Amino acid sequence: MNKFADKEYFRKPEDFRLISSTESKYTHVDAYEKVTGKAKYAGDFMAPNMLTAKVLHSPISRGRILSIDTSKAEALPGVKGVLTGKDFPIRITEDIEILCQGQVRMVGDPVVAVCAISEEIAEQALELIDVQYEEMPGVYDPWESIKDGAPDVQGYGYDNHNIGPTCHQQGSNDGKDIDEEFEKAAYVQHEDFKTHRIQHAPIEPHATFAEYDPEKDEWTVHQSTTMSFGDQFWLAHGFQKDVSHFHIIRPYVGGAFGSKSNWPYSEFIACEFARRTLRPVRFVQTREEEFQTMHGRHPFQIHIDTAFAEDGTILAKKADQIMDGGAYGVSHSQYAAVNLSVIWCAFPYKIDAIDFRSRRILTNTAEGGAMRGYTACQVQFAHDVNMQLAAERMGIDPIEFRKRSAMEPGYHSPAGLIVTSCSFKETLDDAAKFMRWEERKDKMGNGEGIGFAGTAFVSGTAAPVLNTPNQVQTNATVRVDLHGVVSLYSNCHDNGQGADTVMTAIVAEELGLNMNEVKLIQPSTFDSGYDSGAYGSRVTFLGGNAVRRAAVDAKRQILEVIGAKWGCEPHLLDIIDHNIICRDMGKTDLKMSWAEAVYATMLTHGGDEVVGVGSYYHRTNNAQYQGKPSNYAPSYVFSTGACHLFVDQETGQIDIDEFFFAHDCGRALNKRAVEAQLEGSIYSGLGYAVYEELKINDKGRMMNPNFRDYRMITALDMPHITTKFDYAPDPEGPFGAKECGEGTTAPIAPAVANAIHNATGLMIHELPLDPEHIWRLLKEQGLQKDHK
Amino acid sequence: MKKILSFTLNGEPCEVLCEDNRSLLDLIRDDLGLTGTKKGCEEAECGACTVMIDGRPVNSCATLAREVEGCEVLTVEGLAKDGKLTPLQKQFIDKWAFQCGYCTPGMIMSAKALLDHNPNPTEQEIREAIEGNLCRCTGYAKIVEAIQATAAEMAEMAAAQKGEV
C-alpha cells in the first residue's frame, strides 16, 4: 500500500492512551504465561512416540573425512536413523553444508546425525560412530589467511584468497577531495584497534520440534527463531520443494540477540528424520553446540586515519577494517557484516569526505555472524576511542569535541545516510550533566575516571532479505468480527523484546480499545503475513508501521460508514474509549458505541467483515552493497554512554561505580520496556567490554564453550544504572518511535575504555578490558601517575 | 536400573518409575510434562532449571531424580493457586522483570527460596541469592526491584494482619 495513505486517520499525540503511558493499562501480553511456566518454547513441545536427534561434530579444524562407520550406532537398540553429508546434497547460503560432505572446516562442524527413542540412547549412539579424518593445517588469523600460499579454508576451489564479501565506500560532500582535506588538516591521527570474539548465549538454546504429514507432504516445525520466513525459505531450498510444504510456527523464544536469525543444521536434521521415520522429532542444541556453531560476534582489526581542522571538527576519515569471518559466509548472507561495518564508520559525526573499506576473511574458526548491533560494537568502539584520543591531543573537552562534529537533523552523509530526527547533542549534554563532568573533571584522583562515548545505529534496516513485492518488509492484517472483537494477524517476531505487546498496543491505541480486546494470532508462516524477522532493529519501526496501517485501514472503513450516516467528513470522526465520536463543529454531541458501529459497517457492506490490511517498506536500492551511497534505513538513533569507575592500579581490577545511558529513540512507545532494553544493553555491553571472551587455541579449538569458563555477568557484577530516553519524536516512526535495544550496546565498551584511560592514562586499543589486560597495560605502559 | 520413586510434587503425592541415572530435570520435564522448569546448560551453571527441594533451591539438572525420594519438590507450576498469582509473580509482572522469560521460572524459585527464609533481605542478599541464575536480557535491575517490592509488600501484609489481631 501507499506508505503515505490514511495518515489523516492516525491517532493524534494528544489522544494517546496507551502509547508512552506508564500506567498499568499497558499490559505485558505474555506476562501470565511467563511467570507461571505455562509459556511454551520450542524445546518444550513433546508428543508420544517422539524421537530425539543429536549430532557428532568435527574435533579438528580442517581436514578430509576419510571414512565414516555408523554400523555399530545403527545396531544399537532404540536408534531409529543415522544421517551423513550424502543425505543433504544441497548447500545452504552457497557454502554451508548441513552435514559435512568431504571436508571439515572448523572444530564443531556437524558430521553425523542420529535419532533415537531417548536422548540417552542418541548420546550412546554418537559414541559408537567412527569417523576417520586426514588432518590438514588450518589458518586461524585473518592476516595469515590472506597471504599467498595460505591454506584454502573451505576447499571449495573458490579463487578468493580466503577473502569473502568486501565493501568499499568512498565519497564526499560539496566536491571535496579527501587527499586535500588530509593535507590541509591541523591534526591527523592514525590509530589501530582490535576486538575479540564473543557469543550471544541466549539462555534458551536453539530448538526444533518437527512433524511430517506424508499425505500432504508437509512439515510443521516449531522453531526457536526470529526469522521464520527465512527458515521456511531455506528448508524449502534444502529439500528442493516450494515453501508451501513448510509450516513454521514461532513459539515463545528464549532470547536470541541475533543468533536465531539463522537456519541451524538442527532444524534440517529434525525435519529429515521426521520425514524418514514419520515420528515427531525434537532437537535441542547443547550449550557447547551453541558456543561452537551459532555465529557469534566477529573479531575485528581496524585502522583509522582521521583529519581534523583547527577547531577539532572532522574534515575527513579513512578506515580499513578486516573481520575474522570464521569458516563460512562467502555469500550475500554475510554481506550485511561488511556493509554495516562501513556505515558505522560514518556515524555519528558529520564527515564530508570518507574512504571506508571492510573485508570479511575466512579462517578455520567458528563462523561469525549477526550479534546485537551487527558489527556496531566493534567498529564504534574503535571509532569512539579514536575520537577520545583526538580530543585529548587537541586539548579540547571530550563532550565539546564530540558536539562540534555531531550529526544534526537534516545532515546528508556522503555515505548516503539522511539524518531526520537526531538528538545526539542532547544525549551528550545529558550525560555530562548526570556525571557532573564540569564540576568533577579536574578533581578526580589517580585511579578514578569518567568516560563518555557517542554512537549511532539504524532504525529499521532496508533489506527485506527475501524478494518481496515493492520491497515490503512486513504485512499485517486486522480483522474485526461482528461483535467488534479484533484479531491481529502479525508475524513480527517476539524474542523477548516485547514485539507481541507493542503490536497489540498499537492496534488497541488506534481503535480506542483495551489491549485485552485485541487478540494476537500466534504467528506462523501460514497464519499471518510476511515479516522478514527480528533483526536490524526493524520490528518496532517497520512492523509497527505496518500494523498501525492495518489498524487504521479497518478504522477508516468504519468511520466512512458512520461519517456518511452522520453527514460529515469521516476523518473528523475518531474512536475514543470504545466510542465513535465526532469532531465536526456543531456535531460534537454525536456518539456511537464501537460494537454498534462495527455492526452498522457490516450491514452497509452486505455482511462482509471489516478487514484492514497494512504493510511497510523503506524503499532503497542495493547500491550500498556495491559501496555506493544509499540511505540504508528510514531513520537513525543516537546514544551517549557514560561510565564512572575506579581502577585498582596493582591488580588491573575495575570497579564501575555508575553507568549512565542517554538514548535518542524518538518517542518511547512502552517506557518500561524501553528502560528494560537499555538496562539490558548496558549489561550486554559490559559483558563484551569486560567479562566475556571466547578463546581459540593454536589448533582452532574453542577453549571455553560453556557458561562456567565463558564468564557471563551475574547479578552481583552489575553496577548501578541510570537511563534517559524520550527525545524528539521521529517524523516517520510509528507514533514517533525509533530503535531501542540493539545499537544501544555499542557505546558501552568505548565508554568503559575512555573511563579507564581517564583514570590511569593508559592507551587502550584492544578489547576486552578484563583485569589481566589492564594489568598487562599497566606493566607495559607503566603507571601514568601524573597524567592529570 | 528402574525403581519406583515416591515424593511430593507441588503439594501432591507423586509415584513414578524412574531410571537410577535420570536427572530430576528430565524427570520433571520429559516424564511428568512440567516444562515450566527450563533447560539452559545441563551443567548447573545457568539456574534456569532451579526448583525447590524441601525449601532449598537446587539446580534440577545436576540432581538425580532418585535423591528426592520422600522429599517435597516445588516447581514454578506449584506457585499460583486457583489461578491466583503469588505476590512474587505479580511483582515480576508489575516491575517488567522479564523479557524473553526463559530464566524467569528459575529466577522466581530462587527468589522464593530467599524470601521464605529471609523475608527482609538487603539488596546485596538478593543479588547473592540470584547469582546462580543467569539472565541474558534484563541486566537484573528490574528483577532485584521486583524481589524488593515483594519483600516490602509481604511485610506490609504481615503488619496489617498483626494490626487486626
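Is Glu675(A) buried, partly exposed or exposed, and what is its relative accessible area?

Author: Happy to walk through it with you. Please keep in mind that this is a predicted model. Glu675(A) is partly exposed, because its relative accessible area is 28%, and partly exposed covers the range between under 20% for buried and over 50% for exposed. Its partner in a salt bridge is Lys142(B), with the closest N and O atoms 2.6 Å apart. Glu675(A) belongs to helix H17 of chain A, while Lys142(B) sits in helix H5 (residues 141-164) of chain B, so this pair joins two chains. Lys142(B) counts as buried, at 3% relative accessibility.

Let us step back to the interface around that pair. Here 54 residues of chain A are in contact with 47 residues of chain B. The size of an interface is often given as the accessible area lost when the parts come together. For chain A and chain B the buried area is about 4300 Å², and carbon and sulfur atoms give 57% of it. On the chain A side, Val35(A), Ile203(A) and Leu716(A) lose the most area to chain B, together 17% of what that side buries.

Charged and polar pairs take part as well. The count between chain A and chain B is nine salt bridges, and 28 residue pairs are in polar contact across this interface. Several helices of chain A each supply at least two residues of the side that touches chain B: helix H1 (31-36), helix H3 (119-127), helix H17 (671-691) and helix H18 (707-710). The largest share, eight residues, comes from H17(A). By residue type, that side of chain A divides into 24 nonpolar, 17 polar and 13 charged residues.

A search of the whole structure gives 62 of them over all chains. One of them pairs Lys7(A) with Glu732(A), the closest N and O atoms being 3.5 Å apart. This pair links distant parts of the chain, 725 residues apart: Lys7(A) is in the segment before H1 of chain A, and Glu732(A) is in the loop between strand E28 (720-724) and helix H19 (748-760). Lys7(A) is partly exposed, with a relative accessible area of 33%, whereas Glu732(A) is buried, with 17%.

Finally, a word on a helix of chain A. Helix H15 (residues 539-566) has 28 residues and reaches 38 Å from its first C-alpha to its last, close to the 40 Å expected at 1.5 Å a residue. H15(A) is mostly covered, as 24 of its 28 residues are buried. Just after H15(A) comes Gly567(A), which takes a positive phi of about 70°.

Note on methods: Residues numbered from 1 in each chain as written. Chains lettered and ligands numbered in written order. Predicted model: local features only at pLDDT ≥ 70, side-chain atom pairs only at ≥ 80, totals over all residues. Heavy atoms only, no water. Contact = heavy atoms within 4.5 Å. Buried area = accessible area lost by both parts, 1.4 Å probe. Salt bridge = Lys/Arg side-chain N within 4 Å of Asp/Glu carboxyl O. Polar contact = N/O pair within 3.5 Å; in protein donor to acceptor, adjacent residues only side chain to side chain. Helix = DSSP H or I, 4+ residues; strand = E, 2+ residues; numbered from the N terminus. Nonpolar A, V, L, I, M, F, W, Y, C, P; charged D, E, K, R; others polar. Buried < 20%, exposed > 50% of the residue type's maximum accessible area, 1.4 Å probe, protein only. Expected span 1.5 Å × (residues − 1).
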